[in-house]
Amino acid sequence: MTAAPAERQGSPDLRDLPGLQDTPDVLDALPAHKRELARLLLQAQAPVPSRPAPRAGGGPVPATPAQARLFLQEAADPGAGTGSHAVRLRGPLDPGTLAAALTSVLGRHEALRTRLDGGHGGPGGPVQHVTAEPYLRLQVLDLADAPPGRRAAEVARQVAGSARRHLDLASGESTRFRLLRLGEDDHVLVLAAHLAFFDGWSSAVFLKDLSDAYRGRACAPPALQFPDFAAWQRRWLEGPGGAAELGHWRDALAGLPPARAARGFARGHLPVGLDPAATSAGFALGAAEGATPFMTLLAALAVVLARRQEREEPGRRSRDVVVGTPAAGRVLSGMEDAVGQFTTVVPIRVDCSGRPSFRSLLGRARRAVTDALARQRLPVDALFGEGRGRAGGGVGAGDGAAPPYSVLFALHNYPAVPLDLPGISVEQVPGPPARHLELYSPVPATALACVGLVERDGRVSGTAEYNRFAATAAEVGDLVDGVGRVLSAAVHEPGSAVLT
């Protein structure tokens with residue numbers, strides 16, 4: 001009966017400490033269990049800065065909306081959020097130096113020594129806890145004595161198995177490594193990393209840092225760490241900046257119905273490619289209209305999807321097409337050197353009204369892409385899906401509202417493998433297809449396909465990841481082939497109507 005009053009008398013009441021920000025000694029005088037609460041209250045009272053900054057203190061950080069979704073997915077489908085990356089190293093590799101270099105990189109990036117658990121990150125949301133010391137999970141397998149055929153098969157098995165491995169996020173297992181010894185001067189390094197902490201950009205950052213650490217170069221930690229960004233993003237989402245951005249997207253996507261959900265979700269993969277002559281001529285046409293290759297391909301895809309909508313939804317009020325495009329999300333300075341999951345998906349709404357020619361549609365696509373990519377701050381999970389309530393209700397009606405697009409499209413510009421080790425040649429090892437739909441889709445059952453293309457040596461090709469419940473491989477292949485057909489026709493008659 002007297003415990004609460006005694007406790008209040010024994011320590012200052014937070015409401016009686018208006019100068020806490022300027023008197024850190026007062027914080028130190030608080031009991032340990034109140035010190036973190038005081039810090040969080042002060043942070044909540046302070047204005048939301050326009051950009052992330054290194055956070056004060058080392059307390060828990062709320063998970064980002066994407067992390068919260070991936071955390072739940074991992075619990076429901078262990079291994080679904082694991083990505084894999086493998087490189088072959090030919091030359092005099094020093095395994096001990098490599099292990100020390102890997103440990104150094106883990107120490108440099110907080111995202112790689114963070115555990116994620118259910119915690120108290122808001123209404124049921126998970127939280128991040130950064131551990132002070134890195135812990136390297138490295139398994140070394142010696143395959144040098146195996147016959148060549150068996151050795152190659154075992155490498156393929158190890159790489160594929162790495163991509164399916166369950167990583168225990170609650171224990172801090174966000175990464176795991178395997179070093180396969182194929183011979184005296186022949187190794188394969190396999191990295192398994194969870195998508196909750198590691199995006200595509202992070203691969204290049206990680207490999208560059210590994211190069212520096214292996215060579216003994218001293219590298220300071222990045223000025224901005226991923227948990228710094230996560231802490232800022234939560235406050236920004238709940239503040240006026242997030243509300244304004246959400247209002248923009250509500251207006252931008254107004255009047256569009258949500259994508260229809262299929263009966264379920266089961267992933268399929270299909271290699272795809274476009275006719276080189278059609279893309280070359282199409283890109284030249286686009287360039288003449290001020291459109292990048294991505295904008296040109298998007299305009300052609302918009303024609304294909306608009307025609308598909310007319311066949312399947314004859315009573316649809318809006319003729320506009322929305323395509324989701326993955327974006328790096330690193331729109332503020334200081335993010336480029338950090339490992340983390342910054343990726344978002346930006347909805348691009350292309351105006352297909354009237355009877356536009358392809359030349360006219362190029363202009364519309366150019367403006368739509370420019371406007372949309374200028375607004376990458378709002379995470380896709382704050383717009384759609386179960387995480388949308390974190391930013392004032394999201395877009396659309398009902399819980400778990402689906403996005404207004406079913407197709408995602410990206411034209412990647414992958415750099416060469418940035419791993420540079422002395423006296424060692426490095427090459428990429430092919431692995432299983434990526435699981436982009438798990439990363440990019442807040443409501444996977446509404447996704448028809450994610451088409452990822454790469455332009456290399458005059459050819460545009462890649463992979464279409466699709467939902468088997470929503471389309472067949474033949475239908476997805478025809479959708480991609482349709483882009484080439486639109487380009488071929490547009491090159492010959494750029495002023496003719498492509499939609500009637």
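This is a predicted model: local features need pLDDT of at least 70, side-chain atom pairs count only at pLDDT 80 or more; totals for chains, interfaces and linings use all residues.

**Two helices in contact**

Author: Helix H11 (residues 293-312) packs against helix H12 (residues 358-373) at an angle of about 115°, and their axes lie 9 Å apart. H11 is therefore roughly perpendicular to H12, a term for angles of 65 to 115 degrees, while those under 35 count as roughly parallel, those over 145 as roughly antiparallel and the rest as oblique. Helices here are DSSP runs of H or I with at least four residues, strands are runs of E with at least two, and both are numbered from the N terminus; axes are lines fitted to C-alpha atoms, for helices over the stretch in contact, with angles from 0 to 180 degrees between N-to-C directions.

On the H11 side, the contact (heavy atoms within 4.5 Å) involves Phe294, Met295, Thr296, Leu298, Ala299, Ala300 and Val303, and H12 contributes Phe358, Leu361, Leu362, Ala365, Arg366, Val369 and Thr370. Of these contact residues, 11 are nonpolar, two polar and one charged; Ala, Val, Leu, Ile, Met, Phe, Trp, Tyr, Cys and Pro count as nonpolar, Asp, Glu, Lys and Arg as charged, and the others, including Gly, as polar.

Elsewhere, five strands form an open sheet of mixed pairing, in the order S5-S6-S7-S2-S12, where strands pair if DSSP finds at least two bridges between them.

Residues are numbered from 1 along each chain as its sequence is written. Local features need pLDDT of at least 70, side-chain atom pairs count only at pLDDT 80 or more, totals for chains, interfaces and linings use all residues, and side-chain values use heavy atoms, without hydrogens and water.
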